[in-house]
Amino acid sequence: MADFQTPEFRQYPAIPNELVEGATAHLSPFVAKPNHQEQLGFPGELVDNWEEKAIEKMGDLLSKYRSLRVYMDACVKCGSCTDKCHYFQGTSDPKNMPVARQDLMRSVYRRYFTFAGKYFPKLVGARDLTREVLDEWYSYFHQCSQCRRCSVFCPYGIDTAEISMAAREIMDSIGYGQKYCNEILGKLQTIGNNLGLPGKALKATLEEFAEEIEEDTGLPVKIPLDQKGADILLITPSADFFAEPHIDGLMGYAKVFHEAGVSWTLSSYASEAANFSMFIGSYSNMKVVAERIRKAALDLGVKRIVVGECGHAWRVAYSFWNSVAGIGSGGDDPYAQQLQKQLDHSYPIPQHICEFTHDLLEKGQLRFDKSVNDSRTVTFHDSCNVARGTRMGNYPGGQFDIPRALIKASCNHYVEMDQDSIKEKTYCCGGGGGLLTDDLMEIRVKGALPRMEALDEVVKDHGVTNLAAICAICKAQFAKILPYYKFPMDMIVSTHQLVGEALVMKGSIQEKDLDEEEG
């Protein structure tokens, strides 16, 4: 365990009673090394004229994104957002209030881009961009998981996540980037996944998983790799290849695909759904990663693209693939137009794995034995990017209903957490937005406080044993954080883990056993 105190559960979750100025000012992630920066097109280290370049970059972003300028000008300090941030609740640091975090950039914006700030800076709270201010940016803009919960409650819809993304992009552009995100993006762009796992190792790993499924079910369920002519390309987070409970989720996908009788494949070239470019606000790097997926789809000749359980990956796929890579829209790019003709438009482009499975469920094509999960009482964590940045199905709120429908089809015992902590009001796991790194463990633990309090309530009142999620970052975060709050680490499960374990596949050992019991 790290050298800090885990917050105690509060009787009534509320605004911190006392503000602790600078409580987390000491926290900041490791700075990216020159090679981490340069491979993404950024300066290797802090440039000599960084002040000038930072202001120039800010001006570029303000001219490019009208929303950013609106967010800089619109805030009236009403206070609606103050207690909505999980990091503020967990740390009591006033600079973790969303409005105060915004003001770190807003004060610089006013100094250089407004009349009053240029000539009467003290009157309007304008500040020069000094090294002290830059370091403050680096600390506190890496204490924001870009969850957008504050935006739900803001009467003007100010998106702190977009401000955080802009601040990180500015810092990257002057050579002051974060090691965790940028190192991972380098691996992704050169090898094809966040782990740096080469094709041969991936193939061997998937074969082991397939053998395990066959031992369990008695069926030759495959997890194909680079299968040309397959109907479906699965793009899933690389966490699904190496860690619990992610692996069990991948096995669940494989069982569903097998039972549906569809041909599918993974790609060694694009074996990663995650795209940390969103966390650093770099649409140019987001485009590079998305185009790898487009190339894999073209090379393999697939008709459909399905995205695995990963929160921000689904947001990137749902909200950005069409604009940065023409996936689903075509656009002017000839490769995008080629893919547009190749894909089957009778299905969503892209489609979430939960949508895929739910469609089969609705058509009555899946059989479940809920009793397999009777030792579990399950609750569900809505992942931020899915809840507030995407949709599933063809109606508003499908992103809330569809995962729950899959869990309820797989389990007899399901309980909701407090209504103010789920769906569009969901609390972040505490590790999203590029914060899932051990050098930020303190803020990750403290930021998890509101979610852990809601979980503790249903554990005590309803005997909840498992927390299900559809996000790789959430699963990894909870696996690390749960013990800090005296919960078992293996309490976190993949949604498709529950599906896979309850699924009764035709011809399987489970089907034969169940038929004997019922007959």
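Predicted model: local features only at pLDDT ≥ 70, side-chain atom pairs only at ≥ 80, totals over all residues.
Trainee: Which residues gather with Glu212 in a patch of negative charge?
Mentor: The patch lies on the surface. Besides Glu212, its members are Glu208, Glu211, Glu214, Glu215 and Glu244.

Trainee: What is omega for the cis bond that joins Ile349 and Pro350?
Mentor: Pro350 is in the loop between helix H16 (334–342) and E4. The bond between Ile349 and Pro350 is cis, with omega about -5°.

Trainee: What is the strand order in the open sheet of four strands?
Mentor: Strands of a sheet pair through backbone hydrogen bonds, either parallel or antiparallel. Here the pairing is parallel. The order is E2-E1-E3-E4.

Trainee: Which strands stand at the edges of that sheet?
Mentor: Look for strands with a single partner strand, because one side of each is then left without a neighbour in the sheet. Those are strand E2 (264–265) and strand E4 (351–352).

Trainee: In E2, which residue is the bridge partner of Leu233?
Mentor: E1 and E2 pair in the parallel sense, over two bridges. The partner of Leu233 in E2 is Thr265.

Trainee: And in E4, which residue is the bridge partner of Val306?
Mentor: Strand E3, residues 304–307, runs parallel to E4, and two bridges join them. The partner of Val306 in E4 is Gln351.

Trainee: In strand E1, which residues point the other way from Ile232 and Leu234?
Mentor: In a regular strand the side chains alternate between the two faces of the sheet. Strand E1 spans residues 232–235, and its four residues are all buried. Pointing the other way from Ile232 and Leu234 are Leu233 and Ile235.

Trainee: How many salt bridges does the model have?
Mentor: Side chains of opposite charge can pair when their charged atoms come close. The cut-off is 4 Å between nitrogen and carboxyl oxygen. The count comes to 33.

Trainee: How many residues apart are Arg10 and Glu453?
Mentor: Their side chains meet in a salt bridge, 2.7 Å from N to O. The pair links distant parts of the chain: Arg10 lies in the segment before helix H1 (34–38), and Glu453 lies in helix H21 (residues 449–462). Arg10 is partly exposed at 22%, and Glu453 is buried at 9%. They are 443 residues apart.

Trainee: In the salt bridge of Lys57 with Asp60, how far apart are the closest N and O atoms?
Mentor: The two are three residues apart in helix H2 (residues 50–64), so about one helical turn separates them. Lys57 is buried at 19%, whereas Asp60 is partly exposed at 30%. The closest N and O atoms are 3.8 Å apart.

Trainee: Which residue forms a salt bridge with Lys77?
Mentor: The closest N and O atoms of the pair are 3.4 Å apart. Lys77 lies in the loop between helix H3 (66–74) and H4, and its partner lies in helix H5, so parts 26 residues apart in sequence are tied together. Lys77 is partly exposed at 42%. The partner is Asp103.

Trainee: Ser92 is not a glycine. What is its phi?
Mentor: Most residues other than glycine have a negative phi. Ser92 is in the loop between helix H4 (86–91) and helix H5 (98–113), and counts as buried at 15%. Its phi is positive, about 65°.

Trainee: What is the separation of the C-alpha atoms of Asp438 and Pro29?
Mentor: Asp438 lies in the loop between helix H19 (398–410) and helix H20 (441–447). At 52% relative accessibility, Asp438 counts as exposed. Along the chain, Asp438 and Pro29 are 409 residues apart. Their C-alpha atoms are separated by 8.8 Å.

Key: Residues numbered from 1 in each chain as written. Heavy atoms only, no water. Patch = residues over 30% accessible without salt bridge, like charges linked within 9 Å, V, L, I, M, F, W, Y side chains within 5 Å. Areas by Shrake-Rupley, 256 points an atom, 1.4 Å probe, with all protein chains shown as cover. Lys, Arg positive; Asp, Glu negative; His and termini not counted. Charge placed at Lys NZ, Arg CZ, Asp CG, Glu CD. Pairing = 2+ DSSP bridges. Buried < 20%, exposed > 50% of the residue type's maximum accessible area, 1.4 Å probe, protein only.
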